[in-house]
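Hi,

Here is the structure I promised to pass on. Have a look at it first, and then read my notes below.

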Amino acid sequence: MRALLLENLHPTAGKILTEAGFDVEEHSGALDEDELIAALEGVDLLGIRSKTEVTQRVLDARPDLTAIGAFCIGTNQIDLARAATLGVATFNAPYSNTRSVVELAIANIIAMARRLTERDKALHAGVWDKSADGSHEIRGRSLGIVGYGNIGSQLSVVAEALGMRVYFYDVDDRLALGNATRCSSLAELLEVAETVTLHVDGREANAGVFGAAEFAMMRPRSLFLNLSRGFVVDYDALRAALVSGHLAGAAVDVFPKEPKKRGDAFDSPLRNLPNVILTPHVGGSTEEAQEDIGRFVGGKLRDYVRRGATSLSVNMPTLMPERTPHTQRITHLHQNVPGVLAALNDVLGRHEINIGYQSLATRGDLGYAVTDTDSPIPDAALAALRDIDGTVRLRVIS
Ligand SMILES: NC(=O)c1ccc[n+]([C@@H]2O[C@H](COP(=O)([O-])OP(=O)(O)OC[C@H]3O[C@@H](n4cnc5c(N)ncnc54)[C@H](O)[C@@H]3O)[C@@H](O)[C@H]2O)c1
C-alpha cells in the first residue's frame with residue numbers, strides 16, 4: 001500500500017507507516033487541487049496539515065483513497081461529509097498540543113505577574129529598572145479557568161502544582177480535578193479570580209462571549225489570558241480595560257483575524273500596551289506537539305488499515321475491534337438502514353463461513369461492521385457482500 005505525506009510532517013509519521021509496510025512518499029509543500037488529484041493516483045493514505053485542501057472534486061476523482069490523516073487539530077480543509085459518503089476515513093490529532101498550550105499559559109501568567117516583558121524591554125533599551133513594585137509570586141493567587149476541557153483541566157493540575165488556587169467554570173458539568181473549585185456561573189468565577197484564562201471551544205454561541213460587561217466584573221488589577229479562539233473576546237473592550245488600569249495585564253495568542261502566513265503584517269487594538277503579551281497563535285506550536293501529532297495520526301492510520309480501528313475518526317462510526325485469532329477480518333461500511341447486518345450475515349451463512357467475532361457501530365447515516373471469520377472468504381462471497389444494498393465500502397484485512 002502507498003502513503004503520500006505532504007507539508008513536511010514530523011518524521012515519526014513516515015517511520016510508523018514505513019514500519020507498518022507502507023511505501024511512503026513525502027513532500028515538503030502543499031499541493032493544489034489538480035496537483036493533488038494527479039499525485040493521489042494509486043495512493044491509499046494521504047497525510048496533510050492545514051494547507052492542503054481535500055475538496056469534493058479531489059475526493060470524487062480519487063474515490064478509492066482509504067484514509068486521510070490531518071496531522072493537525074482542525075479538519076476544515078477536508079470535505080469530511082463527502083469523504084464519509086465515499087468511505088474515506090479521516091483522522092486528526094485533537095489532543096497532541098494540549099500540554100504545549102498549558103505551558104504557554106503558565107509562562108504567560110508568571111511573565112505578567114513579574115512584568116517580565118517590561119523589564120526585558122527596558123534592559124534592552126539600556127535602562128536598569130530594578131524594583132519589586134507590581135511584581136508578584138503566583139503562589140497562593142487565585143486562577144479562574146473558563147472552559148474546563150482538555151486544556152483547561154490540565155492547566156488546573158499544573159497551576160495547582162505551582163501553588164495557585166484554582167476555580168473553574170464550564171457550561172458542562174465537569175469533574176473538578178485536585179482541589180479545584182467549581183463555580184456555578186461565570187460571574188461567580190470573576191468575583192474570586194485574580195487571573196482569568198479562557199479555554200472555551202469554538203462553538204458559534206461563544207462569539208463575543210467575553211466583552212465589556214465581563215471585563216467590568218473582573219477584580220481590579222487582575223490579569224486576563226485568551227489562548228482559545230480570537231472571536232470569543234471583544235479586544236476593543238479588553239484594550240479599554242487595560243488602558244483604564246482596571247486590568248494589570250493580558251496575554252493573547254489568538255485573534256479574530258489572523259494573518260495567513262509567516263511574515264505577513266499584523267494589527268490589533270492590543271498592540272503597544274504595557275504588560276500585554278501578544279503571541280502569533282503559537283500556543284500549541286512546539287516540536288514536542290508536532291512529534292506527538294506525527295505519532296498519534298500515524299498510529300491511527302496504521303490501525304485503521306491493519307485492524308479496521310476507527311476510534312477518534314472525525315467522520316466514521318467509531319469502533320475499536322478486539323484482536324481475535326481470526327482467519328480473515330472484513331470491514332463493511334454501509335448506509336445506516338435496516339437489514340444490512342442481516343444481509344451481511346446471510347451471505348456469510350450461505351457460504352458456510354462461521355463468524356468468530358463481530359462488532360457494529362453507527363454514526364449518523366453510516367454503519368460500520370467489523371467481522372472476523374474462522375475460514376477464508378471466497379471471492380464469490382466477497383462479491384455478494386459488495387452487492388448488498390447500502391454498501392459503501394468493503395475492506396478485507398487478512
Ligand atoms: N492557542 C493555540 O495554539 C491552541 C491550541 C490548541 C487548542 N486551542 C483552542 O483552545 C480551546 C480549548 O481546547 P480544548 O482542547 O481544551 O477544547 P475542549 O473542547 O476539550 O474544551 C472546551 C471546554 O469549554 C467548555 N465551554 C464551551 N463554551 C463555554 C463557555 N461559554 N463557558 C464555559 N465553558 C465553555 C466546553 O464545555 C468544554 O469543556 C479551543 O478553542 C481550541 O481551539 C488553541
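Let's start at the ligand: one of its oxygen atoms sits 2.6 Å from an N or O atom in the side chain of Asp 170. That is a polar contact, meaning a pair of N or O atoms within 3.5 Å (within protein, one must be able to donate a hydrogen and the other to accept it, and residues adjacent in sequence count only if both atoms are side-chain atoms). Before going on, note that this is a predicted model, where local features need pLDDT of at least 70 and side-chain atom pairs count only at pLDDT 80 or more, while totals for chains, interfaces and linings use all residues. Residues are numbered from 1 along each chain as its sequence is written, and side-chain values use heavy atoms, with hydrogens and water left out.

Asp 253 also has a polar side-chain atom 2.8 Å from a nitrogen atom of the ligand. With Ile 151 it's the backbone that takes part: one of its N or O atoms lies 2.8 Å from a ligand oxygen. On its own, the ligand has 860 Å² of accessible area, and the protein covers 87% of that (Shrake-Rupley method, 1.4 Å probe; for residues, only the protein chains shown count as cover).

There are 26 residues around the ligand, and Ile 151, Asp 170, Val 200, Asn 206 and Arg 229 come nearest (near means a heavy atom within 4 Å).

Now for some helices (DSSP runs of H or I, at least four residues, numbered from the N terminus). The axes of H1 (residues 11–19) and H11 (residues 287–307) come within 7 Å and cross at roughly 25 degrees. Axes here are lines fitted to C-alpha atoms over the stretch in contact, with angles from 0 to 180 degrees between N-to-C directions.

For H12 (residues 340–350) and H13 (residues 379–386), the axes come within 10 Å and cross at roughly 165 degrees. H12 and H13 are therefore roughly antiparallel (over 145 degrees; under 35 is roughly parallel, 65 to 115 roughly perpendicular and the rest oblique).

Finally, the axes of H5 (residues 98–113) and H7 (residues 150–161) come within 9 Å, crossing at roughly 50 degrees. That makes H5 oblique to H7.

Cheers

Conventions: Helix = DSSP H or I, 4+ residues; strand = E, 2+ residues; numbered from the N terminus.
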